[in-house]
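Subject: Structure handover

Hi,

Here is the structure I promised to pass on. Have a look at it first, and my notes on what turned up follow below.

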Amino acid sequence: MKDIITLGIESSCDETSVAVVKNGREILSNVINSQIKIHEQYGGVVPEIASRNHVEAISEVTKEALKQANITFDDIDHIACTYGPGLVGALLVGVSYAKALSYTLGKPLVATNHIEGHIAANYITHKDLEPPFLCLIISGGHTHLVHIKNYKEFEILGKTRDDAIGEAFDKVARVVGLGYPGGPKIDKLAKEGEANIQLPKTHFENLDFSFSGIKTAIINLHHKNPDVNKADLCASFEKTVTEVLLENTLKAAKELNINKIALAGGVSANSYIREKFLELEKTHNMKIYYPEPILCTDNAAMIACAGYYNFINGKTSDLYLNAIPNLKLGE
Ligand code: KG4
Ligand code: ZN
């Protein structure tokens, strides 16, 4: 069978990324131009600045992706771009660029959901992974516990009712003075601390999550006692949120009788969360999957992979495609 080459384009937040992927799961190139350094000085992503930087970077990033893959535009079979969810101005850069390429090259355009991209990152790292499985998507914008029934059918079992878990990591980091992005900084500092501070956990009847309570508790605690040991606070925060993630995931696994669990999204790069989920392989006879760190945070290879499955299932778009900032999983 002829190989299918996907050009993936991602610009939903602060990474301009273009990738070339063969047959959905083999990365030929994955160029990521991160704007973190630019946004760092503002303590978070500034949407207008993100859009402008995407515009400035996207052509060069695309050229570099083709060069590293050692191919030309002619070799591409289709173009997959993120059309939501994300920042509208940022998304529009990738969508418009993909539409222009699709028109001029005469290649099919495949609209791709960013959250489905995060799930698909696991297919690249684990060539043997096939649905059904459970996926815990934990990122800066999302906290979803999802039953992946097949490549195109998803059932959301639980989601956050307020802050996404990555947002909580970033806010806690800001409060204790670690700066942006907070996740990796908390990950590092927590290793030097003891999880000896009692923090609140929120549970619901169903499998939903809430992280605003723990975030507020930490803000108040730090306010009352600015000398509180930061490493202990970070370790306690990580331990508490991980317990909630584990409890809900295990409940879902038991209810659905599924023993394959995949982690996805920026926060799944967290070393403590990975370690605790990996322990389930021994304690609960589960099989745990997570993408390699570079595929956890935003990148275009994961978009190319998800786009490939859309493409082979006949899901292509016309040039009326628009960005949808609040796109839901499965849409
Ligand atoms: O998936 P992502 O790149 O963007 C979204 O789609 O949201 O996730 C970014 C989030 C940020 O909140 C960042 O702080 C968090 O992932 N993150 C981490 C780690 N690395 C990135 N959180 C905890 N531990 C990490 N090692
Ligand atoms: Zn993301």
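A quick term before the rest: a residue is called buried when its relative accessible area is under 20%, and exposed when that is over 50%. Also keep in mind that this is a predicted model.

**Aromatic rings**

How many aromatic pairs does a search of the whole structure find? The answer is seven. In one of them, the ring centres of phenylalanine 209 and phenylalanine 211 are 6.1 Å apart with the planes at 15°, so this pair counts as stacked. Both phenylalanine 209 and phenylalanine 211 are buried by the cut-off above. Another pair, tyrosine 308 with tyrosine 309, is edge-to-face, with 5.0 Å from centre to centre and 80° between the planes. These two tyrosines are also buried: tyrosine 308 has 11% relative accessibility and tyrosine 309 has 9%. They belong to one aromatic cluster, together with Tyr123, Phe133 and Tyr151.

Rings also turn up next to charges. Arginine 161 has its charged end over the ring of phenylalanine 204, 3.7 Å from the ring centre. Likewise, the charged end of lysine 287 sits over the ring of tyrosine 289, here at 5.1 Å from the centre.

For reference, the ideal angle for four tetrahedral donors is 109.5 degrees. Histidine 118 and aspartate 298 are both buried.

**Strand S4 and its partners**

Strand S4 covers residues 78-84, and seven of its seven residues are buried. On one hand, S4 pairs with strand S1 (residues 5-10) in the parallel sense, over four bridges. In that pairing, isoleucine 9 stands opposite cysteine 81 of S4. On the other, S4 pairs with strand S5 (residues 109-113), again in the parallel sense, over five bridges. There, threonine 82 stands opposite threonine 112 of S5.

**Cysteines**

What is the count of disulfides? With sulfur atoms required to be within 2.5 Å of each other, the count is zero. Cysteine 135 is in no disulfide, and the nearest cysteine sulfur, from cysteine 296, is 10 Å away. For cysteine 234, the closest cysteine sulfur is again in cysteine 296, but at 20 Å, which is too far for a bond. Cysteine 135 counts as buried because its relative accessibility is 0%, and cysteine 234 is buried because its relative accessibility is 0% too.

Cheers

Terms used
Residues are numbered from 1 along each chain as its sequence is written. Chains are lettered from A and ligands numbered from 1 in the order in which they are written. This is a predicted model: local features need pLDDT of at least 70, side-chain atom pairs count only at pLDDT 80 or more; totals for chains, interfaces and linings use all residues. Side-chain values use heavy atoms; hydrogens and water are left out. Buried means under 20% relative accessible area, exposed over 50%, partly exposed in between (1.4 Å probe, protein chains only). Rings of Phe, Tyr and Trp (its six-membered ring) pair if their centres lie within 6.5 Å; planes under 30 degrees apart count as stacked, over 60 as edge-to-face and the rest as tilted. A charge sits over a ring if NZ of Lys or CZ of Arg is within 6 Å of the ring centre and within 35 degrees of the ring normal. Helices (H or I, at least four residues) and strands (E, at least two) are DSSP runs, numbered from the N terminus. Two strands pair if DSSP finds at least two bridges between them.
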